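Work through the metal-site exercises below. Try each task before reading its solution.

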Amino acid sequence: MRRRTGIELKSAEQIRRMRVAGLIVGRTLAAVREAARPGVTTAELDAVAREHIAAAGATSSFLGYGGGFGLPPFPAVTCISVNSVIVHGIPGDRVLVDGDLVSVDFGVHKDGWHGDSAVTIGIGELSEAAAALSETTRQAMWAGIAAARIGGRIGDIGHAVETSIRAHKKGYGIVAEYTGHGIGSEMHQPPDVPNLGRRGRGELLTKGICLAIEPMVTIGSAETATLDDEWTVMTRDGSLAAHWEHTIAVTPAGVWVLTAEDGGEAELAARGVKFGPLGD
Ligand code: MG
Ligand code: MG
């Protein structure tokens with residue numbers, strides 16, 4: 001495998017393997033979404049994901065993560081972040097109630113290749129403000145994905161994410177301390193993929209680059225605070241947060257969204273961007 005500036009470039013065969021992991025991630029998140037309703041605990045949602053990992057013969061990318069570099073090993077297979085929790089929430093006995101805004105972040109590796117994706121789910125009836133925040137974040141993720149192309153730059157993605165969010169003129173906070181990332185034989189690899197940026201800046205996007213694009217957006221300030229558990233990241237002002245993420249491969253044919261059931265075809269077509277599968 002070729003490396004340039006620490007970036008792992010994948011062969012077509014390796015990207016096909018990442019698609020296998022990505023589909024497990026996407027289908028598991030669909031099952032978690034199905035199970036998410038008032039009265040269910042976040043630990044119960046984590047259990048749904050665990051069952052899917054086992055059935056797929058995959059391995060969690062999250063369970064035990066962090067132990068190697070001084071953090072308490074992450075104790076679950078999902079990060080479940082409710083309302084003012086932005087990311088890295090630990091599943092537990094929190095009972096979901098009507099109106100909760102819940103982001104679920106999930107990753108597996110299969111045959112050595114990782115997939116990483118997050119969705120934000122509304123429990124029961126969401127407030128208009130919460131629904132708008134989640135939809136804006138989701139649209140920003142797709143704007144970022146649609147901005148990725150061979151010959152482009154990492155900054156093109158951050159610029160597209162930021163511009164998409166700012167266009168709503170709602171004064172949302174864009175969390176800068178946490179970013180997307182390269183992904184492949186490890187979950188987190190170079191380069192960082194910031195959710196703010198300038199077009200034409202940053203690392204060159206070349207054939208075989210695989211990235212996780214993951215905007216985190218708040219209704220208020222983008223300032224964060226980490227709880228004593230060393231994982232849970234909250235908005236400092238207590239405002240609501242949303243998080244959406246997909247893993248993509250940039251191929252000569254276009255963009256292939258490895259963690260989306262349809263490979264991203266529908267959302268990319270809606271944005272006039274080439275869908276670039278290598279074939280399943
Ligand atoms: Mg993730
Ligand atoms: Mg990620």
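Donors are N, O and S atoms within 2.8 Å of the metal (3.2 Å for Na, K and Ca); water is not among the atoms, so sites may look incomplete. This is a predicted model: local features need pLDDT of at least 70, side-chain atom pairs count only at pLDDT 80 or more, and totals for chains, interfaces and linings use all residues. Residues are numbered from 1 along each chain as its sequence is written, chains are lettered from A and ligands numbered from 1 in the order written, and side-chain values use heavy atoms, without hydrogens and water.

**Exercise 1.** Find what coordinates the magnesium ion (ligand 1).

Step 1. List the donors: Asp105 (OD), Asp105 (OD), Asp116 (OD) and Glu245 (OE), at 2.0 to 2.6 Å.
Step 2. Read the sequence spacing: D-x10-D-x128-E.
Step 3. Place the residues, with strands (E) being DSSP runs of at least two residues, numbered from the N terminus. Asp105 lies in strand E6 (residues 101-110) and Glu245 in the loop between E15 and E16, so the pair ties together parts 140 residues apart in sequence.
Step 4. Check accessibility. Asp105 and Glu245 are both buried, meaning under 20% relative accessible area (1.4 Å probe, protein chains only).

**Exercise 2.** Find the protein donors of the magnesium ion (ligand 2).

Step 1. Asp116 (OD), His181 (NE2), Glu214 (OE) and Glu245 (OE) lie 2.1 to 2.2 Å from the ion.
Step 2. Their spacing is D-x64-H-x32-E-x30-E.

**Exercise 3.** Which residue bridges the two magnesium ions, ligand 2 and ligand 1?

Step 1. The ions lie 3.1 Å apart, and Asp116 bridges them.
Step 2. Asp116 sits in strand E7 (residues 113-122), and Glu245 in the loop between strand E15 (241-243) and strand E16 (246-251), so this pair ties together parts 129 residues apart in sequence.
Step 3. Asp116 is buried, as is Glu245.

Conventions: Helices (H or I, at least four residues) and strands (E, at least two) are DSSP runs, numbered from the N terminus. Buried means under 20% relative accessible area, exposed over 50%, partly exposed in between (1.4 Å probe, protein chains only).
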